Structures are given as C-alpha cells and as structure tokens.
Amino acid sequence: MKLERFDDPATFRDAAAPFLLKNEALTNIIFGVVSDAIRGLYTRECLWLLAKEGETLVGAAMATVPHPVSIAHGSSPRAIVELAKYATDWYPTESEDLQFLCDASAWTLIEKNLPVEDFAERSMHFHQGVYEATNIIWPRPVYGAIRPASPDDAMLVGTWANAFGLESMDRPASNDPEKLLSDGQKIVSRGGMHLWQNSDEVVSMASSLGDTPTGIRVSYVYTPPELRGRGYASAVVAHLTQKHFDCGKERVFLFTDLKNPTSNRIYQAIGYQKVGELNLYKAARA
C-alpha cells in the first residue's frame, strides 16, 4: 500500500474525488473542509492524505489543526490503519488529545492498531447522525424571516456559536468578550451565516459550510434556550436549505447528536433523512 500526501488542497480534492463521490453524503465533511481550505480559511497545518493499492484509491484522510482527523467512509480496513498511523505520527505533539471522526467499524480497527504506548485513554466522544435533504417539507409558519448575518451581528453570532460548541461538541465555553467578537467576525466574514429575525429580535441562526460537488452542509443551528419550542430552528433551517436548492444544490447535509431526540425529530419533520453515522473519538495522549 502506498500513502500519498498532498500539499495543495485543490490537488487533493481532484485526486480524491472519484473515491469520495462513492458516498458524497458520508464524505461531505472531507469535501467541505477541502473546499474551505481552497478558499484560504485554514491557516494552520493541514493533512491531505490518500491510500492506494497499485493505482486504485482505497482510502482518504484529512486533518486541519486543531480539528479531528477524518477517515473517509469506505476506506479499506488496511487503508484505515495506515492512514490513522500516519496521522497519529504527523499530528502536532502540542495537542493533548487526538480526535478521529469516522464510523464505528473504522474506529475498531484504529483502536486495535494504534501503538498502545501513545495513548492513555480512548473513548467515543460524540455519536452523530448524518442527514441529507433533497427537498423540503415546510414546517408550520412562524413569525419572522430569514436574513444573512451582517458585521453588526458579529457579537451575537460569536456568543451563540460559543454556546453551540458547548452544547453540541462539549467545547470549552468562553466568557471573553474580545474572543467572542473575534470568533463572530470570522464566522460572519466567511459567509453562509443566516439569522431568523422576528420583528426587532434575532431568535435563531444557522450557517452553511463547505461545498461538495452537488451539495453543502448546514451547521451552527442554534436557538437560545428561552426561545426554543416555537419553531424558529425549523424555520431557519428549512428556508436556508431551500435557498441552496434554489441556487442549484441537489442536496443539503447536516449532523445531529443522536442522543438528542428533539433535534433529530425536527430535522426529519422538514425533510431530512438519516443516511449514516459518524462518531467522534478521542484518544488522550499518554
């Protein structure tokens, strides 16, 4: 088996596309991150890696520091092991934990084959459902309308994105106003963030991330706890999804925490269907 590393995300995308397109929904994270990297949205170290048996592509992986290593769905068992070993050796040692985004069968192989002296603890961190919509079932009408976020919304977006990260990914919370504002400015400036506004109040948000050949992913879906249960999240996701269909996208993806039955039910009600599962695993360095 031969591993081929790419320095340029566009070259990696072109080389990996025939393999990733075998299941665009379950490889949408890799497609999407590569698209964002081509736009220059990742300034730290990146890993773009393919596995080949002869001239046949049998696996793919990528990582953008400090984010997880993603092992592509459909990678062969041997490719999974070799890709994971390479990524483990490559990943900057400053990171206390190494995270892998992959399905359960891939993690079983990784866990069995990672050098035991490298990691003191290994566990599943999040159990995520991968959903896909190709049409929208309109939810009940709610007051308000969708609009793109503007620079004036940066503080609100940063604050809500921080809360979203804490709830959905157990990321550390921040109470630093400067960081919240900076994070919000970055999110707004990259484009794709939309807000649901009811009269003078912004009540929910959702963002588009990472183009794939035929689709795009929705993320950062957040409504403050005191405003939940009123249909705002369903409305903003439905309208944002339809906006992408109107612009020519054939499918829209999103991830859910499978331990949260409410969010899974909401998305299914507006036309999203579960197409698979990807888990986030954490390996604590010894």
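Tyr220 lies in strand S10, residues 215–222. Strands here are DSSP runs of E with at least two residues, helices are runs of H or I with at least four, and both are numbered from the N terminus. The model is predicted: local features need pLDDT of at least 70, side-chain atom pairs count only at pLDDT 80 or more, and totals for chains, interfaces and linings use all residues. Residues are numbered from 1 along each chain as its sequence is written, and side-chain values use heavy atoms, with hydrogens and water left out.

Tyr220 has a positive phi of about 55 degrees, although it is not a glycine. Most residues other than glycine have a negative phi, and most peptide bonds are trans. Tyr220 is buried, at 17% relative accessible area. Buried means under 20%, exposed over 50%, and partly exposed in between, with a 1.4 Å probe and protein chains only.

Ser199 sits in the loop between strand S8 (193–198) and strand S9 (201–211). Its relative accessible area is 59%, so Ser199 is exposed.

Another loop holds a cis peptide bond. The bond runs from Val65 to Pro66, with omega near 10 degrees. Pro66 is placed between strand S3 (56–64) and strand S4 (69–71).

Now the cysteines. A disulfide is a covalent bond between the sulfur atoms of two cysteines. The rule used is a pair of cysteine sulfur atoms within 2.5 Å. By this rule the count is 0 disulfides. Cys46 is in none; the nearest cysteine sulfur, that of Cys102, is 19 Å away. That distance is too far for a bond. Cys102 is buried, with a relative accessible area of 0%.

Strand S12 (residues 273–285) contains Ala283. Ala283 counts as buried, at 0% relative accessibility. Its C-alpha atom is separated by 23 Å from that of Phe164, 119 residues apart along the chain.

Finally, the whole chain. The protein has 8 helices and 12 strands. Its C-alpha trace spans about 60 × 40 × 35 Å along the principal axes. The radius of gyration is 19 Å, which agrees with the value near 19 Å for a compact globule of 286 residues. This radius is taken over C-alpha atoms, and the globule rule is 2.2 Å times the number of residues to the power 0.38. Buried residues make up 51% of the 286. Among contacts (heavy atoms within 4.5 Å) between residues at least 6 apart in sequence, 73% join residues at least 24 apart.
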